[in-house]
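Colleague: I would like to learn how to read charge pairs in a model. Can you take me through it?

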Amino acid sequence: MMTGTPVVTEQQIFTDDLWAYRQAVRSYISSEPALQRWCGTHYPSTEAHMAEHAALMAQLFASGWSRYGWPQAAGGFGGDERHRAVLYDELSAAGVDVPEQQMLLETLGPAVLHYAPALAAEFLPAYLAGEEWWSQSFSEPDAGSDLAGLRCRARRDRDTYVVSGQKIWTSHGATARRLICLLRTGTLESRHRGLTMIMIDTDTPGVQIGPIALASGQNELSEVFFDDVVVPASRLVGAEGQGWQVAMFLLQFERAMYAWLSATVASRKLRELRELLAELPDGGVRRLGECYTDIVTLKARSAQTVRRLAAGEAVGPEASVDKILLATAEIGLHDLARDLLPTEFLFGDGPVAAHWRDDWWYSRASTIMGGSAEVQRGIIADRVLCLPKETSA
Ligand SMILES: Cc1cc2nc3c(=O)[nH]c(=O)nc-3n(C[C@H](O)[C@H](O)[C@H](O)COP(=O)(O)OP(=O)(O)OC[C@H]3O[C@@H](n4cnc5c(N)ncnc54)[C@H](O)[C@@H]3O)c2cc1C
């Protein structure tokens, strides 16, 4: 039988050749006028922000470029973490927003893919297309840093789980379609061994979500109450009792891919800040240089982590380094804007001033969310550097 030359599809070229993918993405972004809609816009509310960015998700999905980096079985075109990293880099370099939904996806998507491929196949395509998004419901009023102490309970009842309790600080919970919840299925004493990850639809009877306003006034966070919420056992992400393992897998993406994505946005914002400054005050060049160095340091570290994740390596506790560098860069950038734009930053009533002010407030949280800076330093000391335990004098 004659065999012809195998057909190489365009998708295959881009999944195999990262440089070709980057060039094609760059060419698309520079030639697509529709993307102007998402260049540096300030949104009056979280709800408006998420709705507009859902439209950006849809645009990037329809063009195909956001489908690289995700497997075909879950609505993608193949490729790996590096494809996603390149997309964020190119959007930011062109001054286009990276969709807010993409930040949640980087946190939650890989864990759902890895531990619940059937759920990923069912729901990830709609996520990529901007038709739905998910939130992370781990923290509780008495369990943040100490996640192994969480109490929100899931009780097995034949082929369902019945969930009762409370979560707090759930980012974008009020607009999300589904919650990825870390729940207690064992006894409280079983600590991290008695935890289970379950995906819960926000419109399930008994789920109540109330917004929590940030210092900027934006309703980005939320508290979630579960009152005997019945969830099919098919919504398990991983096995019962495997929740801690799933959470640790997830946290390396939350800390590392999120850091890369945020670093690309920080590079863009530093450039925009420089363009806003007609002249620099004394010491301004040094401050800009220090900030630039922090962002480049973060990107250098983060690029290495992205390569490791793409190679299937477990980054584990080392992702805490990326998280600390991210907080340093974000706080430095926003303090710099406050100091170099003093009048505009404090008293300007236009969208640019409002944007910098809101983001300055948000940057204060960068040493808390996703695990506090103190806890990250503890992880690095104990589990990366293996330093001896402190002894009391
Ligand atoms: C903007 C924002 C968004 C968030 N989004 C989400 C989300 O989407 N989903 C979610 O589940 N959670 C979210 N969180 C919650 C976040 O993960 C927790 O706030 C964080 O883990 C800290 O927990 P905590 O607030 O309970 O503080 P605590 O754990 O009570 O910590 C209080 C203080 O004690 C310190 N501390 C605690 N333990 C130690 C230790 N072992 N060593 C040294 N110092 C320690 C901490 O560093 C901190 O300074 C978000 C938080 C913020 C601010």
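Modeller: Start with the total. This is a predicted model, and the structure holds 27 salt bridges.

Colleague: What is the general idea behind such a pair?

Modeller: Side chains of opposite charge can pair when their charged atoms come close. Here, the side chains of R26 and E90 meet in a salt bridge, 2.9 Å from N to O. R26 lies in helix α2 (residues 18-31) and E90 in helix α4 (residues 81-93), so this pair ties together parts that are 64 residues apart in sequence.

Colleague: Is E90 buried or exposed?

Modeller: E90 counts as buried, because its relative accessibility is 5% and buried means under 20%. R26 is partly exposed at 39%.

Colleague: Which residues are linked with R26 and E90 in a network of salt bridges?

Modeller: R22, D89 and K299 are linked with R26 and E90 in that network.

Colleague: Which residue forms a salt bridge with D201?

Modeller: R235 does, with the closest N and O atoms 2.8 Å apart. D201 lies in strand β5 (residues 195-201), and R235 in the loop between β7 (221-232) and α7 (243-276), so the pair ties together parts 34 residues apart in sequence. D201 is buried, at 13% relative accessible area. R235 is buried too, at 13%.

Colleague: How far apart are the closest N and O atoms of E313 and R308?

Modeller: They are 2.8 Å apart, in a salt bridge. E313 is partly exposed at 40% relative accessibility, whereas R308 is buried at 17%.

Technical notes:
Residues are numbered from 1 along each chain as its sequence is written. This is a predicted model: local features need pLDDT of at least 70, side-chain atom pairs count only at pLDDT 80 or more; totals for chains, interfaces and linings use all residues. Side-chain values use heavy atoms; hydrogens and water are left out. A salt bridge is a side-chain nitrogen of Lys or Arg within 4 Å of a carboxyl oxygen of Asp or Glu. Helices (H or I, at least four residues) and strands (E, at least two) are DSSP runs, numbered from the N terminus. Buried means under 20% relative accessible area, exposed over 50%, partly exposed in between (1.4 Å probe, protein chains only).
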